[in-house]
Amino acid sequence: MLSVKDLYVSVEGKEILKGINLEIKKGEIHAIMGPNGSGKSTLANVLAGRQDYQVTSGEVIFEGKNLLELSPEDRAREGVFLAFQYPVEIPGISNATFLKTAVNEIRKYKGLEQLDAMEFLALMKDKMQVVGMEQSLISRPVNQGFSGGEKKRNEIFQLTVLDPKLALLDETDSGLDIDALKIVANGVNLFKAQGKDNAVVVVTHYQRLLDYIVPDFVHVLYNGRIVKSGSKNLALELEEKGYDWIKEENQFSDSVK
Amino acid sequence: MTEVPEKEEIKNWYYSNFELFENSLNGQSKAPVHKIRKEAIAEFIELGFPTTKNEEWKYTNIAPLLTQNFKPAYLSNKISLSKEEVSKFLFTGVNASILVFVNGDFSNELSSLLPEAKGVKFESLRQVLNNEPDFIEKYLLKSNKTIDGFSALNRAFISDGIVLRVPDSTILENPVHLLFISGSDEENLLVQPLNYIFVGKNSQIKIIESTVGVGSKAYLLNSVTEIFTGENSVTNYYKIQNDPDTCFQVSRTLIHQERSSVFTSNVISIGGELIRNDISTIFESEGCESNLYGLYLADGKRHIDNHTLIDHAVAHCHSNELYKGILDEKARGVFNGKVLVRKDAQKTQAYQSNKNLLLSRLAKVDTKPQLEIFADDVKCSHGATIGQLDEQSMFYLRSRGIGTEKARSLLLNAFASDIVDLISIEPLRETMNRIILDRLHKVSL
């Protein structure tokens, strides 16, 4: 589904990703872990098409298409979804208008009929229950005045409504209490169940979320590179031992080079 | 570009037209109102049109208006419009009493009143000046003083306008729509209505004033409106400026508020080449509330200037002001909001805000929120922002599959909705939403 090859990315002239290689197959769940500042969020954002990040070399193929050549909206229409670490507040646009516009723009791109108000409402109602979104939040402006947990829940709600192929979760677990965490995980698992080919990349600092969204692979990102990959046990190991041993190992390898 | 003619030439044009006007009055030149006109034309000759050296006109250069002469509409051929032609200027779904003015003259044939408005007295100024000699003493000579060349010119040619008197304890469910249609195919016109609106004690009224244009020639709409809100009355005043780009508009609105009255204006400027709006609220007594809202959209080389003054002369009054503007291409916006809190105006609450979005590097806005406080127990705030569309919001929308253009227009519409949502007449709000969305699509191209 997604193939990242030797990806180098700079932000404001500073190199953040230094040769990322990642293969994600249909239906897989990958977790990307790593200490703060390792480049996890950069990876998620660059895949979604954030423009202040410069790709200096490498390639990203998504479903046979060169992802890096696509605009952010076309990436979304092709099936890439980023759940933001810090969802943006947009006063003056209701959640409903925002999502209806998004759903229909994506449908238009795929050559599907536009959903009318009734059909859209039915779709929303269905998904709202899953993530426990209150009706009132739907008519409120996008994320405005939402608590941290409500914002994250809204991201997952959008994920289930827009139904992409690949979900990138950028620290969706940060700042969530255990109940909110379960709701979010529940939403992600529902998204997985919506299509057997749907894939998920969970970017996280902590192992906690991975109790509920069980990864097939865990990668450790450090200093702009994936320095270790393994099964879900790697996440447990990181939880137990922290990130220091990774840092030590790699300082060593850096100096050898 | 056409040269701006010499000042004297411009003054001579209006003076010679004044003489023509005077001669056409047919004996009416002995009427008391004519004394006001004569004084006013003398003031105009002395003042001329304001230049950017005048502090109140610092950011608004009226040169484009001076390159052409405007014939006082009173002296020009009348144009005739059918009801069908007029109906396209009405707002769909708004059930209103409609008063139509064609080039400043009240048209009885084109107007229609709802049964509920029976108790309200609608008269043309011309009629009132003939029938009530003391109206001049009581109103014309009182507050509407000459402050610059435009107000002098309006007074020099006083002829018509509306005098609307809502008796005490009258609540109108439906709005009164004052529709000003101006322009001609023959010559440039100067249209100068002078309006008086009196809202009785405990009464409630919604007024829509809309200005539109017909014909291919330019027009200068130089209007003055005075509004007197009685004790405990509620007035909603919507001013919709949707003129063609042949329009130059200078509009002055003076509001006198009696005890515990609430006045709310919402000025939406989406047309015209050069627009200058002056709104002044004077609190005559305690417990009043004044809400001044405005939205201006401009592209091309259009210029929109909003000046407001809220005079907290007495204690316990609230004012709340929000003006928002979207400027594209080479358009210019001006906001000058003055809030004056006088020494005795304790317990005043005054909030003012002006927010602007610039969509092009050549668009410009001059904003000057002014707060002058001489009382010590007050709550006041003011502020202004000028910015571009938020990049983060753009990316967020695009990351959900919404294309750049649609994302832009969603965000612009959201910015404008703060003001449009404040329109309490639902069908008018919907119509304005549609018109604005349509304009924004054009603006953001």
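Which residue forms a salt bridge with D105(B), and how far apart are the closest N and O atoms? The partner is K78(B), with the closest N and O atoms 3.7 Å apart, where a salt bridge is a side-chain nitrogen of Lys or Arg within 4 Å of a carboxyl oxygen of Asp or Glu. This pair links distant parts of the chain, since D105(B) lies in strand β3 (residues 105–112) of chain B and K78(B) in the loop between β1 (71–72) and α4 (83–87) of chain B, 27 residues apart. D105(B) is buried, with a relative accessible area of 16%, whereas K78(B) counts as exposed at 57%; buried means under 20% relative accessible area, exposed over 50% and partly exposed in between, with a 1.4 Å probe and protein chains only. Helices (H or I, at least four residues) and strands (E, at least two) are DSSP runs, numbered from the N terminus.

This is a predicted model, in which local features need pLDDT of at least 70 and side-chain atom pairs count only at pLDDT 80 or more, while totals for chains, interfaces and linings use all residues. Residues are numbered from 1 along each chain as its sequence is written, chains are lettered from A and ligands numbered from 1 in the order in which they are written, and side-chain values use heavy atoms, with hydrogens and water left out.

**Salt bridges**

Over all chains the count comes to 32 salt bridges, and the table gives some of them.

| Pair | Closest N and O atoms |
|---|---|
| R398(B) and E73(A) | 2.6 Å |
| R400(B) and E155(A) | 2.7 Å |
| E209(B) and K239(B) | 2.8 Å |

The pair of E209(B), in strand β9 of chain B, and K239(B), in strand β11 of chain B, joins residues 30 apart, and both residues are buried.

**Between the chains**

The contact (heavy atoms within 4.5 Å) takes 33 residues from chain A and 18 residues from chain B. The buried area, which is the accessible area (1.4 Å probe) that two parts lose on being put together, summed over both, is about 1900 Å² between chain A and chain B, with 64% given by carbon and sulfur atoms. Three salt bridges are found across this interface. R400(B), in the loop between α8 (391–398) and α9 (404–420) of chain B, pairs across the chains with E155(A) in helix α6 of chain A. R400(B) counts as buried at 1% relative accessibility, and E155(A) is likewise buried, with a relative accessible area of 0%.

**Between the domains of chain B**

Domain bounds come from an automatic or database domain assignment, which for chain B gives domain 1 (7–285) and domain 2 (389–445). Their contact takes 14 residues from domain 1 of chain B and 13 residues from domain 2 of chain B, and the C-alpha centres of the two domains lie 32 Å apart. Together they bury about 1100 Å², 73% of it on carbon and sulfur atoms. In domain 1 of chain B, Y238(B), I268(B) and I270(B) lose the most area to domain 2 of chain B, together 40% of what that side buries. The count of salt bridges between these two domains is zero.
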